[in-house]
Amino acid sequence: MSLCNQCGACCRVLTLAESPEQIHAMALLTGVLGIPSDSVFAAKHWHPLTRAAALERNPFYTGRLPADAHLYSCDQLGADGRCMAYEERPLVCRGYPWYDGGPRDMELADPDCGYFHDVVMEFVIRRPEM
Ligand code: SF4
Ligand code: SF4
């Protein structure tokens, strides 16, 4: 069971493997080719964040990311912590955090994220095999 408490922490600081330049290049390419892609949404709504700004927005999460991580904010995050583009949000948002797979070794955005329950259960279930 996973319980999202809608704290909004996972939207305050985003990290992607791609740099801003790579996102814009991919958005251009997929846009021209008519290929559905998160890059088009990201190029429009996700904006580079300095590490200092990211630390202010979510110190718990940012502090656990590699120093060279590409960091972004989303201009569709409402003041109430809710997504203002819920119907058109990209796949990377829809699947967070496990993307139809099991819990993985990755940083969750908040110490009270409801998905932490999955991590604990994964540990409990796997423990006899250790
Ligand atoms: S950090 Fe976790 S609990 Fe908070 S909004 Fe994101 S998924 Fe939900
Ligand atoms: S599009 Fe919505 S769900 Fe995705 S990062 Fe922005 S506010 Fe969060």
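1. Of the 130 residues of the chain, 17% count as buried; here a residue is buried if 20 or more other C-beta atoms lie within 10 Å of its own, exposed if 12 or fewer, and partly exposed in between, with C-beta atoms placed from the backbone. Please keep in mind that this is a predicted model, in which local features need pLDDT of at least 70 and side-chain atom pairs count only at pLDDT 80 or more, while totals for chains, interfaces and linings use all residues. Residues are numbered from 1 along each chain as its sequence is written, and chains are lettered from A and ligands numbered from 1 in the order in which they are written.

2. A quick look at the overall layout. The chain has seven helices and three strands, taken as DSSP runs numbered from the N terminus (helices are H or I, at least four residues; strands are E, at least two). Read from the N terminus, the order of elements is α-β-α-α-β-α-α-β-α-α. The C-alpha trace spans about 50 × 35 × 30 Å along its principal axes. Among contacts between residues at least 6 apart in sequence, 63% join residues at least 24 apart; a contact is a pair whose C-beta atoms, placed from the backbone, lie within 7 Å.

3. The pairings can be followed residue by residue. S1 and S3 are antiparallel over three bridges: Leu16 stands opposite His70 in S3, and Thr15 stands opposite Leu71 in S3. S2 and S3 also pair in the antiparallel sense over three bridges, and His47 stands opposite Ser73 in S3.

4. The largest nonpolar core has 16 residues, and those with the most contacts inside it are Val13, Leu14, Trp46, Leu49, Leu71, Tyr72 and Cys74. Such a core is a set of buried Ala, Val, Leu, Ile, Met, Phe, Trp, Tyr and Cys residues joined through C-beta atoms within 7 Å. At least two of its residues come from helix H3 (38–45), and at least two from strand S3 (70–74); the largest share, three residues, is from S3. Apart from neighbours within four places in sequence, Leu49 is in contact with Val13, Ala54, Leu71, Tyr72 and Ser73.

5. Which residues are around ligand 1? They are Cys4, Asn5, Gln6, Cys7, Gly8, Ala9, Cys10, Ala109, Asp110, Cys113, Gly114 and Tyr115, a residue being near a molecule if its C-beta atom, placed from the backbone, lies within 6 Å of it. By class, this shell has seven nonpolar, four polar and one charged residues; Ala, Val, Leu, Ile, Met, Phe, Trp, Tyr, Cys and Pro count as nonpolar, Asp, Glu, Lys and Arg as charged, and the others, Gly among them, as polar.

6. Around ligand 2 are Cys11, Leu14, Cys74, Gln76, Leu77, Cys83, Ala85, Arg89 and Cys93. The shell of ligand 2 has seven nonpolar, one polar and one charged residues.

7. Leu3 sits in the segment before helix H1 (9–12) and counts as exposed because it has 11 C-beta neighbours inside 10 Å. Leu3 and Asp118 are 115 residues apart in sequence but 9.4 Å apart in space, C-alpha to C-alpha. Neighbours within four places aside, Leu3 is in contact with Gly114 and His117.

8. Finally, please inspect the loop between helix H6 (91–94) and helix H7 (116–126), where Met106 lies. Met106 is 20 residues from Tyr86 in sequence and 24 Å from it in space, C-alpha to C-alpha. Pro97 is in the loop between H6 and H7, and a cis peptide bond joins Tyr96 and Pro97, with omega about 0°. Tyr99 is found in that loop and has phi near 50°, a positive value in a residue other than glycine. Asp100, in the loop between H6 and H7 as well, has a positive phi near 65°. Asp100 is exposed, with 5 other C-beta atoms within 10 Å.

Note on methods: Two residues are in contact if their C-beta atoms, placed from the backbone, lie within 7 Å. Two strands pair if DSSP finds at least two bridges between them.
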